[in-house]
Amino acid sequence: ATMLLAMTALATTGTAVPASAQAQSVASGTVVARADGADMQRGDVVIRAVALADSILRIRIMRPDGMNEDASWAVDRKTRDARVPVTAAADGFATKALRLRFASDGRVIVEDLAGNVVSADAAPASFDGKAFTLKKAMPQGEHYFGMGDKTGGLDRRG
């Protein structure tokens with residue numbers, strides 16, 4: 001099965017992340033369940049993960065004061081607006097095909113339902129002024145192509 005993780009990070013201001021009665025603490029972060037995914041805040045980083053389909057997750061990184069634009073060169077509007085219901089967990093959520101977990105240190109881990117890692121952060125996302133850093137774990141022999149609206153060679157392994 002093909003699985004797509006669409007990741008967007010913006011250092012902008014705008015609409016705040018909505019509050020929810022289903023907030024759970026994960027070490028130094030807080031996970032807030034949504035009908036279509038979950039938000040996790042840890043320090044000055046908020047990660048919103050939503051299920052666009054059972055095998056497609058969109059992960060956005062923002063500051064606590066939110067983001068004001070939902071734009072992407074990589075994901076069209078119809079796809080960005082699609083949603084499927086999820087099963088909430090204290091540390092994330094699951095669809096019929098994937099499970100997303102927020103690790104206690106703020107990393108995002110996506111697994112299939114058999115527990116095989118599809119994508120994992122090597123370190124928590126962080127902001128530095130208007131810039132951000134996102135590091136992914138890359139097993140030897142794996143290659144990653146594209147990664148959204150980036151220019152340059154398609155094989156991001158290097």
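I took contact to mean heavy atoms within 4.5 Å, and on that basis I looked up how the chain is held together: residues 24 or more positions apart account for 45% of the contacts with a separation of 6 or more.

I note that this is a predicted model, in which local features need pLDDT of at least 70 and side-chain atom pairs count only at pLDDT 80 or more, while totals for chains, interfaces and linings use all residues. Residues are numbered from 1 along each chain as its sequence is written, and side-chain values use heavy atoms, with hydrogens and water left out.

Entry: overall make-up. I read off 1 helix and 12 strands, taking helices (H or I, at least four residues) and strands (E, at least two) as DSSP runs numbered from the N terminus. Along the sequence I found the pattern β-β-β-β-β-β-α-β-β-β-β-β-β. Of the 158 residues, 35% count as buried, that is, under 20% relative accessible area with a 1.4 Å probe and protein chains only. I recorded an accessible surface of about 8,800 Å², with 52% of it belonging to carbon and sulfur atoms, by the Shrake-Rupley method with a 1.4 Å probe.

Entry: the hairpin of β3 and β4. Two strands pair if DSSP finds at least two bridges between them, and I found 5 bridges joining β3 (residues 29-34) to the antiparallel β4 (residues 37-42). The hairpin has 2 residues between these strands, and Val32 stands opposite Asp39 in β4.

Entry: the open sheet. I traced 6 strands in the order β7-β8-β9-β10-β11-β12, with antiparallel pairing. The edge strands, each pairing on one side only, are β7 (87-89) and β12 (131-136). The twist averages 20° from one strand to the next, with axes as lines fitted to C-alpha atoms and angles running from 0 to 180 degrees between N-to-C directions.

Entry: around β11. Strand β10 (residues 108-112) pairs with β11 over 3 bridges in the antiparallel sense, and I saw Glu111 opposite Val117 in β11. Their hairpin has 4 residues between the strands, and Gly115 takes a positive phi near 95° there. On to β12, I found that β11 (residues 117-128) pairs with this strand over 5 bridges, also in the antiparallel sense, with Ala123 opposite Lys135 and Phe127 having Phe132 as its bridge partner. Here the hairpin has 2 residues between the strands, and Gly129 in the turn has a positive phi of about 65°.

Entry: the ring of Phe127. I found the charged end of Arg63 sitting over this ring, 4.2 Å from its centre; the rule asks for NZ of Lys or CZ of Arg within 6 Å of the ring centre and within 35 degrees of the ring normal.

Terms used: Buried < 20%, exposed > 50% of the residue type's maximum accessible area, 1.4 Å probe, protein only.
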